[in-house]
Amino acid sequence: MSTPSGFAGRTDPIPVKSPFWNQVHGVNAALEKLLGVPTSVLRLVWVENGKTPAGGLVTYHVEAHGEPDRTHLRPAEEPKAKPNAMYRQSWAQPGGPAELVAWADAEITRTGAASQIRTWNLSSVHRLQTTDGTMWLKAVPPFCSDEGTLIEMVGAHDPTLVPDLVAAAPHRVLLRDEPGGSCWPLTPEHVESIVPRWVAVQHALAGEPRIRPTPVPMPDFGLPDTLVHGDFHPGNWRATGKIIDWSDACWGHPALDVCRLLEVAKPEHHDLIGRVWSEAWLRHRPDSEPFKALEVAQLAYQLHSAVKLQNFINNIEWSERIYHHGGVQIALRAARELAR
């Protein structure tokens, strides 16, 4: 644990409710109760007996915002920097979480302490209670897409499809809360509400790449390259009909998004998803062949996923690569099966 006076030591194991390594609100709550000061989790150091991305005994590097009760700490060495520690994100370093919150404080008036909800190599997320309601503060690495830019890009065509952007800077956003939770479990009504609206925006944005393109091409079947959300599933759809989490976005064939949706949806929803998506594209591109596109898109999707995951691994420090353990191999095996 890093403190204002230096590294202080290590706690004994502390049970927390959430098994997911990057969900750290419970970790901070338990530490504040134990040590008497608020804390921020900086990064994951080691996991024993867990299975990606949850469970086991997890060691975190934590920053104390004040001097803790050291009677609950035992001597330990500060986690040493690894050779690729240059990939560590700003929020994973002492002072990083506080800097993010200070940036948000210049835009809003908080009514309580900032709550660190999630942190890992792909994002930092805080929940902020303000005089204007609940806000979400999110930062992503430079190798991810800039969410503020994309929210504005999509919002120019359909503002009801994106969260309310309160403030933005490169690779960080402050968003107004979207009540009602996610769209899990998926229902036909969710598909029929969100998919055609997203297709309409993709049709409007089609053309030359405005962000990085996918390195994996596929036959177009009369459909244009356009903005691809990159992680298009009900967990990133809100009950209000909006789509969040744009950091995986790229420019490519729109079938990549529906493949992601099919990957997580129950089989009984597959026909509906394919039909709603295809009929939406046929309204905008009557001469296209979306049903045929879906027949071959799965191979491109798995190859795209493998490249994306390898890019994550190439740009994060060693201790946090465990979050993506086996992902590239799983995608490549799926692609090999599809290519047979």
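Buried means under 20% relative accessible area, exposed over 50%, and partly exposed in between, with a 1.4 Å probe and protein chains only. This is a predicted model, in which local features need pLDDT of at least 70 and side-chain atom pairs count only at pLDDT 80 or more, while totals for chains, interfaces and linings use all residues. Residues are numbered from 1 along each chain as its sequence is written, and side-chain values use heavy atoms, with hydrogens and water left out.

Select residues 327–339, which form helix 8. Helices (H or I, at least four residues) and strands (E, at least two) are DSSP runs, numbered from the N terminus. Within helix 8, colour G327, V328, A331 and A335, its buried residues. They cover an arc of only 100° around the axis, so they sit on the same side of helix 8; the arc is that of the directions from the helix axis to the C-beta atoms. These buried residues pack against helix 7.

The expected span is 1.5 Å times one less than the number of residues. Centre on V296, where helix 7 bends by about 45°; the bend is the angle between axes fitted to the seven residues ending there and the seven starting there.

**The largest nonpolar core**

Select V195, W198, L227, W237, W246 and W277, which touch the most other members of the largest nonpolar core, a set of 49 residues. Such a core consists of buried Ala, Val, Leu, Ile, Met, Phe, Trp, Tyr and Cys residues joined through side-chain atoms within 4.5 Å. Helix 4 gives the most, with 7 residues.

Now show the surroundings of W277. Leaving aside neighbours within four places in sequence, W277 is in contact (heavy atoms within 4.5 Å) with V195, V199, L223, P254, A255, V258, P290 and L294. Another core, of 28 residues, lies apart from the largest one, and V41, L44, A64 and Y323 are among its members.

**H253**

Go to the loop between strand 11 and helix 5 and pick H253. H253 is buried, with a relative accessible area of 4%. Its side chain reaches the backbone oxygen of D220 at 3.1 Å. Beyond four places in sequence, the contacts of H253 include M218, L223, D225 and A293.

**Q116**

Move to strand 5 (residues 115–120) and select Q116, which counts as buried at 5% relative accessibility. Which side chain makes a polar contact with the side chain of Q116? It is that of N28, at 2.7 Å. A polar contact is a pair of N or O atoms within 3.5 Å; within protein, one must be able to donate a hydrogen and the other to accept it, and residues adjacent in sequence count only if both atoms are side-chain atoms. The backbone oxygen of V41 lies 2.8 Å from a polar atom of the Q116 side chain.

**Backbone stops**

- T52 and P53 are joined by a cis peptide bond with omega about 5°.
- The bond from W184 to P185 is also cis, with omega near -10°; P185 lies in the loop between strand 9 and helix 4.
- D245 is not a glycine but has a positive phi of about 65°, and at 23% relative accessibility D245 counts as partly exposed.
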